[in-house]
Amino acid sequence: MNIRETMEQWERQNLSPYASLSSETLGRDREEPLCDIRPAYQRDRDRILHSKSFRRLKDKTQVFLAPEGDHYRTRLTHTLEVSQIARTIAKALRMNESLTEAIALGHDLGHTPFGHAGEYILNEICEDGFAHYKQSVRVVEILEKKGQGLNLTKEVRDGMLNHRTSGNPATMEGKIVRFSDKIAYINHDIDDAIRGKIITERDIPREYADVLGDTVKDRLNIMIHDIINNSMDRPSIFMSPDVERAMRGLREWMFEHVYRNPAAKGEEGRAQQLIVTLYEYYLKHVDELPEEYLAMMELRGERRERVVCDYIAGMSDGYAIDRFEELFVPKGWNV
């Protein structure tokens, strides 16, 4: 047996009966030779990690637009925190850690510049609408590698598509990521909001703090332990009713006091106008798009509106601002 086959045998012998086995994947859209070292899901994880879309997450907003300070989360650090939480849960439950990590690392690849503000405005102006979870799948199926995509397994793409609150992932690993995403952003967004002096720990209602704890560390510990304890040797991923109720309540409270707080969102209107202006410009000057996007229209028959939306959605915050300044901000005269 080669190394991959040995690892696949280990999975069959040691993972939970509810885990997704690498040797039993539903496969890829395009068949390709198997790796002699890495099982299928580990290979997917590596492809996501080395993708351009993954690297761009470091300069995309999580919640706070252009914060002053190095310690606020970006879309990349959020992704890494989701991955770590999800891997911890998956390992404890004897699920497939590589599949879990691949889904976690890929779940936000389709996010726009300027966070959910960018997603909202693209959904408003794009004829086909826009949702980051659908765009994440489009990124790995089509946009990466100049139109070739990453050719990931169906299980990874399903987990990416269904990580949202209303999603229903087909695998246990996808269900773990779905919970881990919420655990991560609720807690790190509280941490960032406290750092930004938008809220204090004392502002969090006691009905949630009494169940989940009074610090980020306590909340993470309680939520993760609760999922593990309630999901062990069961065919789905569960939280206890009290903890899940408190988590959902805290999430709603965050929407009211942080995500819609003018102090955190004061620049969103300008960011959205920037995106609208770029979108309208490139619709009229589609020939100025990078060559790979022009090729998508010529070779794949993609509509102009769809390709312009793809281009803007892929931009980092800084790149979007740079393109706007280059196109619309007057330059100083120089002899």
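The protein chain of this predicted model contains 17 helices and zero strands. Its radius of gyration is 21 Å, close to the 20 Å that the globule rule gives for 335 residues, so the chain is as compact as a globular protein of that length. Along the principal axes, the C-alpha atoms fill a box of roughly 70 × 55 × 35 Å.

Of the 335 residues, 54% are buried. Among contacts between residues at least 6 apart in sequence, 70% join residues at least 24 apart. The accessible surface comes to about 16,400 Å², and carbon and sulfur atoms account for 49% of that area.

One feature of this surface is a nonpolar patch of about 250 Å², made by Ile3, Met7 and Ile37. Ile3 belongs to helix α1, which covers residues 3–14.

In one of them, the side chains of Asp214 and Arg206 meet at 2.8 Å, N to O. Asp214 is partly exposed at 37% relative accessible area, and Arg206 is partly exposed at 46%.

Another salt bridge pairs Arg245 with Asp242 at 3.0 Å, N to O. These two residues lie three residues apart in helix α12 (residues 241–259), about one turn of the helix. Arg245 is exposed, with a relative accessible area of 53%.

Arg270 and Glu267 form a salt bridge at 3.6 Å, N to O. Arg270 counts as exposed at 63% relative accessibility, whereas Glu267 is partly exposed at 42%. Elsewhere, salt bridges that share partners join Arg73, Glu81, Asp191, Asp192 and Arg195 into one network.

Definitions and conventions
Residues numbered from 1 in each chain as written. Predicted model: local features only at pLDDT ≥ 70, side-chain atom pairs only at ≥ 80, totals over all residues. Heavy atoms only, no water. Patch = residues over 30% accessible without salt bridge, like charges linked within 9 Å, V, L, I, M, F, W, Y side chains within 5 Å. Areas by Shrake-Rupley, 256 points an atom, 1.4 Å probe, with all protein chains shown as cover. Salt bridge = Lys/Arg side-chain N within 4 Å of Asp/Glu carboxyl O. Helix = DSSP H or I, 4+ residues; strand = E, 2+ residues; numbered from the N terminus. Rg over C-alpha atoms; globule rule 2.2 N^0.38 Å. Buried < 20%, exposed > 50% of the residue type's maximum accessible area, 1.4 Å probe, protein only. Contact = heavy atoms within 4.5 Å.
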